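The following paragraphs lead the reader through one protein model, from its overall features to selected residues. Please keep the sequence and the coordinates at hand while reading.

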Amino acid sequence: MNDRLYSVDQVAERLGLHVRTVRTYVRDGRLNAVRIGKQYRIAQSDLEAFTGRPMPDPPGAASGPPRGEVSSIVEIEGVDRATADRVTTLLTSVAASPRADGPPLGVKTVFDAERSRMKVVVLGGLADTARMLDCLEGVLAP
């Protein structure tokens, strides 16, 4: 059995319904859902019971082993413009380097000269992000 969970938006898109209609079905008890935080999640089996037909995975759905993605924000205190430029150059070159598989690696940097502070935002796969953070640590180490 597939234990995939769908958001209300995903169910609405798959069924060609408005999001409010799906929420109404959930609140009325016509469509079983689990509340996680402030959002509902609908199991594929509950969606199939609701529609009375099998619901194959949508086109482009992930297959194979699960993959993780990371969103990281790194705040660096006490940096000067030269260090910030060096960090930005290194991280953008690491992000641009070819990868065998996994999601693309994204990086954004912001430097606040007035406060000598830098923020680095990294988005990507687990291993690639870990390597990028290792590079960052290497550049910042005394």
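The protein exposes about 9,500 Å², of which carbon and sulfur atoms supply 52%; accessible areas come from the Shrake-Rupley method with a 1.4 Å probe, and for residues only the protein chains shown count as cover. This is a predicted model, in which local features need pLDDT of at least 70 and side-chain atom pairs count only at pLDDT 80 or more, while totals for chains, interfaces and linings use all residues. Residues are numbered from 1 along each chain as its sequence is written, and side-chain values use heavy atoms, with hydrogens and water left out.

The protein contains five helices and six strands, arranged along the sequence as β-α-α-β-β-α-β-α-β-β-α. These elements are DSSP runs numbered from the N terminus (helices: H or I, at least four residues; strands: E, at least two). Of the 142 residues, 27% are buried; buried denotes under 20% relative accessible area, exposed over 50%, and partly exposed the range in between (1.4 Å probe, protein chains only). Among contacts (heavy atoms within 4.5 Å) between residues at least 6 apart in sequence, 60% join residues at least 24 apart.

Threonine 129 belongs to helix H5 (residues 126-140) and is buried, at 2% relative accessibility. Beyond its neighbours within four places in sequence, threonine 129 contacts Val70, Ser72, Leu105, Val122, Leu123 and Gly124.

Serine 116 sits in the loop between strand E5 (106-112) and strand E6 (117-125). With a relative accessible area of 29%, serine 116 is partly exposed. Its phi is near 50 degrees, a positive value in a residue other than glycine. Most residues other than glycine have a negative phi.

Two patches mark the surface. Patches are made of residues with over 30% relative accessible area and no salt bridge, like charges being joined within 9 Å and nonpolar side chains (Val, Leu, Ile, Met, Phe, Trp, Tyr) within 5 Å. A salt bridge is a side-chain nitrogen of Lys or Arg within 4 Å of a carboxyl oxygen of Asp or Glu. Arg20, Arg23, Arg27, Arg35 and Lys38 form a patch of positive charge, to which helix H2 (residues 19-28) gives the most, with three residues. Lys and Arg count as positive, whereas His and the chain ends are not counted; each charge is placed at NZ of Lys or CZ of Arg.
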